[in-house]
Amino acid sequence: MSASSIQDLLPADLAMGTVMLKVGDMKVMSDYYQRALGLEVVAEQDGGLYLGRVGKPVVHLAPAAGLQLPGRGEAGLFHTAILFQDQPSLAATIATTAGYEPRAFVGSADHLVSEAFYFTDPEGNGIELYYDKPRESWQWDGKNVVMDNVALPPQRFLQQHLSEAAVTGQHEAAAGVGHVHLQVGDVATAHNFYVETLGFEKTAGWHGQALFVSAGGYHHHMAMNVWNSRGAGPRKDTLGLGEVLIEVPTGDDVGALADRLRVAGVQNHHTGAELQFEDPWRNKLRVAVRRPAPEAGPARPAGLH
């Protein structure tokens, strides 16, 4: 790989940051994310809440009471995927989430690279709770990671992995955004934007209906599909997805992406430490320099701006 092509890629050690959701009913939504998902208030800002684990924000609930729910078939969020470090901590959160509102559970699957369980929050935002299998067990077909949808019965998973210790220590178990999955109008446009312009690498496709992309050989940091949104145009300002944050190691990474966006004619706001822009469906993205973890004391989350 040439030096120029390396510079055209996002850094291998990027990470997905806080997902911001525009919320109609803050009381109902904050209750769900705290009691069902076991997240805690990390910070408050402008009437909104940053909720996460062990001082790290996962979601930012921003009040937007005047907005409507998105209509059927519109682009936007498919799900926010929260990654757990081990199966017992995942099992503990599945148990509390399913117990809080059993009807919010919408499915589960063994994807060969991960074990995933799917829910819907009170305002219709998709949530994936998952655990990554060891990387050495992932299989690759050239540059494409091998993924599938294999049955994963939730009761069997809980019987195997749920423990009293995991339930008791739920709030001390780390969790973060592992990937973000979007609804878009067409896969070809998504590939042109997220791969050719932003610099993600394609890791998988799904019969022309979905695209999975990552940096550094992860199975996917982001995904886009047309299952509910084929042909969708630019989003209206609605409840739901407010912003996707991508964290990179250095300001040079931000600057390199700003250059790529400029060449591609993508409007953006570049402050030096961060870059704000929209994808072709007006999903808002922000790329920011990852702040170092504090040594002690309460943190101002990397997701705050």
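**Helix α3 and its two partners**

Modeller: Helices α2 and α3 are oblique to each other, a word for angles that are not under 35 degrees (roughly parallel), over 145 (roughly antiparallel) or 65 to 115 (roughly perpendicular). This is a predicted model, in which local features need pLDDT of at least 70 and side-chain atom pairs count only at pLDDT 80 or more, while totals for chains, interfaces and linings use all residues. Residues are numbered from 1 along each chain as its sequence is written, and side-chain values use heavy atoms, with hydrogens and water left out.

Helix α2 covers residues 26-36, and its axis comes within 8 Å of that of α3, the two crossing at roughly 140° (axes are fitted to C-alpha atoms over the stretch in contact, with angles from 0 to 180 degrees between N-to-C directions; helices are DSSP runs of H or I, at least four residues, numbered from the N terminus). On the α2 side the contact (heavy atoms within 4.5 Å) is made by Asp31, Tyr32, Arg35 and Ala36, which meet Thr93, Thr96, Thr97 and Tyr100 of α3. Sorted by class, the residues joining α2 with α3 are three nonpolar, three polar and two charged (Ala, Val, Leu, Ile, Met, Phe, Trp, Tyr, Cys and Pro are nonpolar, Asp, Glu, Lys and Arg charged, and the others, Gly among them, polar).

Helix α3, residues 87-100, also packs with helix α4, residues 154-161, at an angle of about 125° and with the axes 9 Å apart. That angle is why α3 is described as oblique to α4. The crossing of α3 and α4 is left-handed, meaning that the near helix is turned anticlockwise from the far one by less than a right angle, whereas clockwise would be right-handed. Here α3 contributes Gln87, Pro88, Leu90, Ala91, Ile94 and Ala95, and α4 contributes Phe157, Leu158 and His161. By class, the contact of α3 with α4 holds seven nonpolar and two polar residues, with no charged ones, while that of α2 with α3 has two charged residues.
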